[in-house]
Amino acid sequence: MNISARIASSRPLATTAMHGRVEALRNQGEPVIDFSIAISHFPAPGPVLDAVATAIDQQRTMPYTSVVGALKVRENLSAKLRLENHIDADTDEIIVTNGAKQALYEALYVMTDPGDRVIVFQPHWPAYVATSRLMGLTPILVDLPDEITPAFLDTIEPAKVLIINNPHNPTGKVYTRQELEHILAWVERTGMQVIVDESYEHLIFEGEHVSFAALCDWRKVGVVTIFSASQSYAMMGWRVGFALAPKEIVNAMQTLQGPITAAAPYMSQLAAVAAFACGTPGEMMADYRMRRDLVVQAFSEVPWIIMHSPASGPYLWGDIRALTMDSVDFSEELLGASQVAVMPGDALGVPGFIRIGYISDDVATLMDGVRRIIEFGNAYKGV
Ligand code: PMP
């Protein structure tokens with residue numbers, strides 16, 4: 001059996017691998033509490049379910065749309081961009097994809113050649129690095145500071161592409177307008193293209209989401225902005241997102257997407273239109289805020305963890321360096337001894353931290369899991 005060198009040297013994504021492990025343990029009857037990823041306990045919004053139910057009632061089960069997505073769908077997404085993101089985009093500057101992941105893969109593929117360098121701030125969503133490596137690119141990992149300043153940016157050697165994740169998984173950082181302006185000045189000076197992943201745009205607790213493309217001439221700079229229904233509307237399994245990009249890039253992404261998946265599923269395209277018309281998911285955000293505050297409060301008296309309250313997103317990013325225990329060992333032993341899965345920071349490029357997804361279970365299970373983490377760490381620390 002020949003497995004290509006290209007893939008043989010790659011590993012499954014740490015996040016999906018951990019999720020798979022949890023599922024396997026659960027199938028063996030182990031009651032694992034899974035904080036390793038964030039799968040919302042909310043259903044998709046009512047209008048999404050209605051839109052799909054209506055299409056089924058009317059037997060509108062269209063086999064394929066054009067690869068970039070149905071025109072009507074892109075018209076609606078263009079209206080969403082104007083209304084919510086203050087971006088004017090034509091329908092041929094939008095491509096509907098099977099989630100943000102496919103958009104990321106395609107954007108990177110068409111903007112780079114093997115051997116090119118891609119700047120990724122860390123901690124990072126593992127897919128940025130895994131996708132870069134699959135394509136023979138060199139990810140340049142740069143520690144994300146609390147505040148992006150021109151002086152900080154000047155220390156980084158430019159690359160072919162810069163990837164920004166705003167709002168940021170896992171820290172919850174919401175980039176300010178000023179930070180984005182500093183980044184814009186830097187990429188304009190250095191000629192870098194930019195991929196901005198705004199998949200968490202609606203999950204903001206504090207601050208304001210500013211789209212990078214709204215601040216600049218994105219066609220000229222070469223900016224691809226990625227959106228997803230997964231996190232904003234609890235639609236992870238619907239596999240739908242979209243990218244906004246200059247027409248040449250959309251055309252190139254289409255050339256790549258055609259032979260792989262063709263269009264995103266039509267039902268999911270309809271669902272995306274209904275979802276993105278919902279705007280900010282108010283009820284869901286009130287629930288997430290309540291959970292975030294409960295968990296941060298529970299950790300606040302624990303001497304071996306620093307848990308800041310995130311400004312956005314479904315994760316908590318805990319600094320456990322005071323525990324003097326390797327974070328991979330921590331995650332492995334916690335899973336074995338206490339049946340709680342967390343993501344070690346190592347998988348996101350920064351050892352000494354753990355990431356906790358806090359939106360999946362009912363609140364009693366969430367707090368039971370938090371209690372088990374605290375008891376596990378306390379026992380190790382002898383407190
Ligand atoms: N971007 C980031 C940074 C994410 O963490 C996630 C969810 N894990 C996504 C995008 C969503 O990806 P998809 O649309 O492929 O589900």
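In this predicted model, the buried residues of helix α13 are covered by elements that include β9 (306–307), β10 (315–319) and α15 (363–381).

**Helix α13**

Helix α13 runs over residues 282–299, which is 18 residues. From its first C-alpha to its last it reaches 26 Å, close to the 26 Å expected at 1.5 Å a residue. Its buried residues are M284, Y288, R292, V295 and F299. These residues cover an arc of only 75° around the axis, so they lie on the same side of α13. The other side of α13 carries exposed residues: G282, E283, A286, M290, D293 and Q297.

| Side of α13 | Residues |
|---|---|
| Buried | M284, Y288, R292, V295, F299 |
| Exposed | G282, E283, A286, M290, D293, Q297 |

**The two domains**

The domain assignment of the protein gives domain 1 as 5–44 + 281–381 and domain 2 as 62–276. Taken over C-alpha atoms, the centres of domain 1 and domain 2 are separated by 26 Å. Contacts between the domains involve 29 residues of domain 1 and 32 residues of domain 2.

On the side of domain 1 that touches domain 2, the elements giving two or more residues are α2 (14–27), α13, β10 and β13 (353–357). Helix α13 gives the most to this side of domain 1, with five residues. By type, the residues of domain 1 on the side that touches domain 2 divide into 19 nonpolar, seven polar and three charged.

Definitions and conventions
Residues numbered from 1 in each chain as written. Predicted model: local features only at pLDDT ≥ 70, side-chain atom pairs only at ≥ 80, totals over all residues. Helix = DSSP H or I, 4+ residues; strand = E, 2+ residues; numbered from the N terminus. Expected span 1.5 Å × (residues − 1). Buried ≥ 20, exposed ≤ 12 C-beta atoms within 10 Å, placed from the backbone. Arc of directions from axis to C-beta. Contact = placed C-beta atoms within 7 Å. Domains from an automatic or database assignment. Nonpolar A, V, L, I, M, F, W, Y, C, P; charged D, E, K, R; others polar.
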